[in-house]
Amino acid sequence: MKQKLYLLSLIMSALPFTEKAGAQEVTLTITNPGHNQRQELAEASLQTVCELLGTDSTAPLKVRNALGQEMPYQKSHDGKLLLSVALQPESQVVYTVTKGEPKAFKSQVSGRIYPERLDDLTWENDRGIYRIYGPALQRKGEQSFGTDVWVKNTPEPVVEYRYRQHMDGWRQGDSLRKAGKKEEGEELFRNTSFHLDHGQGMDVYSVGPSLGCGAPALMKDGQLVFPYCFKDCKILDNGPLRFTAELTYGTTDAGTTEHRRISLDKGSHYNRMTVWYDGIKSPTALATGVVLHGSDRLITDKKYILYADPTDNPKVHQSLIFVGTLFPDTADEAIELSGKPNHAVGIIRQYKGQPYTYYFGSAWSLYDVPTMAHWQLLADEYLENIKTPLTIKITKTK
């Protein structure tokens, strides 16, 4: 014990003088009131922190843990100071915030529109990758409405590399095929395509004219109404800890305009989705869920839809993509919808267009969620954590 206390005193004494004594400082006491181990983002009021520090929200800040280590943070578009924290059940952690230029931290969450690939909006964190389709694809007449999933088995960012490798391989392979070197061209494309695993994951989830993984849709005569690709997109947050985008979809067959706000945090298997509609004249049904591709590994409940997707080539890939939607306020009903293709959805009846929030996400059996039982346990804990959020007490200490 004496050695540990001596080591701690050495660490604290090594901090710069202005950080140790006499500096203006704010303390954030973060509490986990629940019974689960938590690894997630904590949200403090940026305005409150800055007012106590006597500065404005644009000023640079330093955030330190109890040992004096500088920690990454993010200022969100909606006025939050975001911190990545881990807490044991029913425990607290303490962080301090001071004015000052922070050191650089690697971003764990990011996304952008890829005009080189027909305006895809693609974003990722350390757990997974998601893609939705934009106006360039719409102009080609391709009907891809839902959310795509790219699996990964590394916490490192891989999206930029995958796009670059795939597009370069496609162009070079096409040139070789046109030059009469068909086998060489096909081999090059096999070595670069993001539809094949080159050691860090791949794109083997089928979307097309479906909800994919967790997209919303209004219903008409018991059928889903798709507006297809997004019309406009604005990125509101872009790492290092949270990605947020707001999208507008054009007029649908139901005569409405759809809006979505999607955010993904570091460490999370689930995106937060808020959807709302302009132009709904009478109550209708709103559905959210996943497309079904032949697997019988499906759980439908008013609190969630969970599914083990077999990939687009089960005999070759021999792995599962776990997808799901979570309904913190519960859906009115959870059912399977027959169609081309089939879906499992949670339905909100008598919906009038107001903002509605739910969660959608994914995992891969070759990464950190090996089984359907694990996926269901994670969903149950995620819903429990939503209902028992972390709390933050903000105080001025110096």
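The side chains of Lys 152 and Glu 124 meet in a salt bridge, with 2.9 Å from N to O; a salt bridge here is a side-chain nitrogen of Lys or Arg within 4 Å of a carboxyl oxygen of Asp or Glu. This pair links distant parts of the chain, 28 residues apart: Lys 152 belongs to strand β10 (residues 148-152) and Glu 124 to strand β8 (residues 120-124). The model is predicted, so local features need pLDDT of at least 70 and side-chain atom pairs count only at pLDDT 80 or more, while totals for chains, interfaces and linings use all residues. Residues are numbered from 1 along each chain as its sequence is written, and side-chain values use heavy atoms, leaving out hydrogens and water.

**Salt bridges**

- Side chains of opposite charge can pair when their charged atoms come close.
- A search of the whole structure finds 20 salt bridges.
- Lys 152 is buried, at 1% relative accessible area, and Glu 124 is also buried, at 4%; buried means under 20% relative accessible area, exposed over 50%, and partly exposed in between (1.4 Å probe, protein chains only).
- Arg 127 forms a salt bridge with Asp 368, their closest N and O atoms being 2.7 Å apart.
- Arg 127 lies in the loop between β8 and β9 (129-132) and Asp 368 in the loop between β24 (356-364) and α8 (372-387), so the pair ties together parts that are 241 residues apart in sequence.
- Arg 127 is partly exposed at 27%, as is Asp 368 at 21%.
- In the salt bridge between Glu 43 and Arg 242, the closest N and O atoms are 2.8 Å apart.
- Glu 43 in strand β2 (residues 38-45) and Arg 242 in strand β15 (residues 242-249) are 199 residues apart.
- Glu 43 is partly exposed at 39%, whereas Arg 242 is buried at 9%.
- A network of salt bridges links Arg 117, Asp 120, Arg 131, Asp 148 and Asp 203.

**The four-stranded sheet**

- Four strands form an open antiparallel sheet in the order β3-β6-β1-β25; strands (E, at least two residues) and helices (H or I, at least four) are DSSP runs numbered from the N terminus, and two strands pair if DSSP finds at least two bridges between them.
- Strands β3 (61-64) and β25 (391-396) stand at the edges with a single partner each, so one side of each has no neighbour in the sheet.
- Strand β1 (residues 26-32) is joined to β25 by six bridges, and Leu 28 stands opposite Ile 394 in β25.
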